[in-house]
Amino acid sequence: MIRFSKVNKWYGDYHALADVTEQVGKGEVVVVCGPSGSGKSTLIRTVNRLEEIQGGQIFLEGKDVHDKSVDINRFRTQVGFVFQQFNLFPHMSALDNVCLAPVKVTGKSKAAAREKGMQLLDRVGLAHKAEAYPQQLSGGQQQRVAIARALAMEPPVMLFDEPTSALDPEMVGEVLNVMRSLARDGMTMMCVTHEMNFAREVSNRVWFMDQGRLVETGKPDAFFTNPQSERAKRFLSDLRSH
């Protein structure tokens with residue numbers, strides 16, 4: 001579904017991604033973890049071109065994402081993205097936030113978009129909050145609306161960039177439960193997260209990054225019980241002591 005081939009990215013002299021080569025299969029859930037500044041968020045943001053790359057290639061369903069001929073707005077409709085900071089429109093209700101892109105981008109009728117939007121809000125447990133505005137919702141509820149909004153375009157791939165790190169601890173579970181249900185339904189997902197229990201439970205594979213490099217990949221049980229690299233051992237040991 002997604003393939004990275006020798007992907008490189010610099011910010012000035014800083015080498016943010018170095019020769020990243022790996023792939024995500026259809027229906028696979030990959031959790032990307034690693035220390036702060038390791039390139040995790042940069043990596044998933046290259047998939048929908050929120051970040052451009054300076055070397056290598058990224059393919060989504062066989063198409064070169066960074067090819068000059070790609071219509072970037074049309075392409076982004078195929079990649080659901082959930083941000084750390086929700087990014088809902090504050091002047092629009094939860095339902096209107098979910099319906100906006102299908103109406104504006106794909107020309108769906110307002111009635112059809114609202115019907116689908118209500119189904120999606122119901123799916124994330126928020127049908128009763130359809131007419132509420134973001135400031136009337138908790139952080140966990142706003143993030144669930146953001147997930148429903150991403151799903152409204154029916155993307156084959158969902159990317160999550162630390163979706164729970166801006167939430168109070170008691171709200172984390174409600175967002176992770178929605179992500180678990182997506183995984184059970186076979187959604188292809190890449191998640192940057194510090195929630196290691198989620199990684200262990202839900203992911204098919206864990207990618208461990210450090211200093212812009214993909215240091216290690218493996219099945220969650222193997223990664224958490226027997227990491228291969230010294231850097232991953234140190235990272236997990238620090239997490240446990242924390």
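This report describes the sheets, pockets and selected residues of one predicted model.

Because the model is predicted, local features need a pLDDT of at least 70 and side-chain atom pairs count only at pLDDT 80 or more, while totals for chains, interfaces and linings use all residues. Residues are numbered from 1 along each chain as its sequence is written, and side-chain values use heavy atoms, with hydrogens and water left out.

**Strands and sheets**

Helices (H or I, at least four residues) and strands (E, at least two) are DSSP runs numbered from the N terminus, and two strands pair if DSSP finds at least two bridges between them. Strand S1 (residues 2-11) runs antiparallel to S2 and is joined to S2 by seven bridges, with tyrosine 11 standing opposite tyrosine 14 in S2.

Elsewhere, S6 and strand S7 (residues 157-161) run parallel and are joined by four bridges, and glycine 80 stands opposite methionine 158 in S7. Val79 and Phe81 point one way from S6 and Gly80 and Val82 the other way, and all are buried, where buried means under 20% relative accessible area, exposed over 50%, and partly exposed in between (1.4 Å probe, protein chains only).

**Pockets**

On a 1 Å grid over the protein atoms alone, a pocket is an open set of points where a 1.4 Å probe fits, with protein on both sides within 12 Å along at least five of seven lines, and lining residues have an atom within 4 Å of a point. Grid points are joined across faces, edges and corners, and a volume is the space filled by probe spheres set on the points. In the table, Ala, Val, Leu, Ile, Met, Phe, Trp, Tyr, Cys and Pro count as nonpolar, Asp, Glu, Lys and Arg as charged, and the others, Gly among them, as polar.

| Pocket | Volume | Lining by class |
|---|---|---|
| Largest pocket | about 590 Å³ | eleven nonpolar, six polar and three charged residues |
| Second largest pocket | about 150 Å³ | five nonpolar, no polar and four charged residues |

The largest pocket is lined by 20 residues, of which Arg76, Phe81, Ala101, Arg149 and Met153 lie nearest its centre. Helix H2 (72-76), strand S6 (79-82), helix H3 (94-106) and helix H5 (139-151) each give two or more residues to that lining, and the largest share, five residues, comes from H3. In the second largest pocket, H3 and helix H4 (110-123) each supply at least two lining residues, and H3 again gives the largest share, five residues.

**Selected residues**

Leucine 167, in the loop between S7 and helix H6 (169-184), counts as buried because its relative accessibility is 9%. Leaving aside neighbours within four places in sequence, leucine 167 is in contact with Phe86, Gly139, Gly140, Val172 and Val175, and its C-alpha atom is separated by 6.5 Å from that of glycine 140, 27 residues apart along the chain.

Lysine 6, in strand S1, has a positive phi of about 50° although it is not a glycine, and lysine 6 is exposed at 56% relative accessible area. Glutamate 61, in the loop between S4 and S5, also has a positive phi, near 50°, and is partly exposed at 44%.

Conventions:
Contact = heavy atoms within 4.5 Å.
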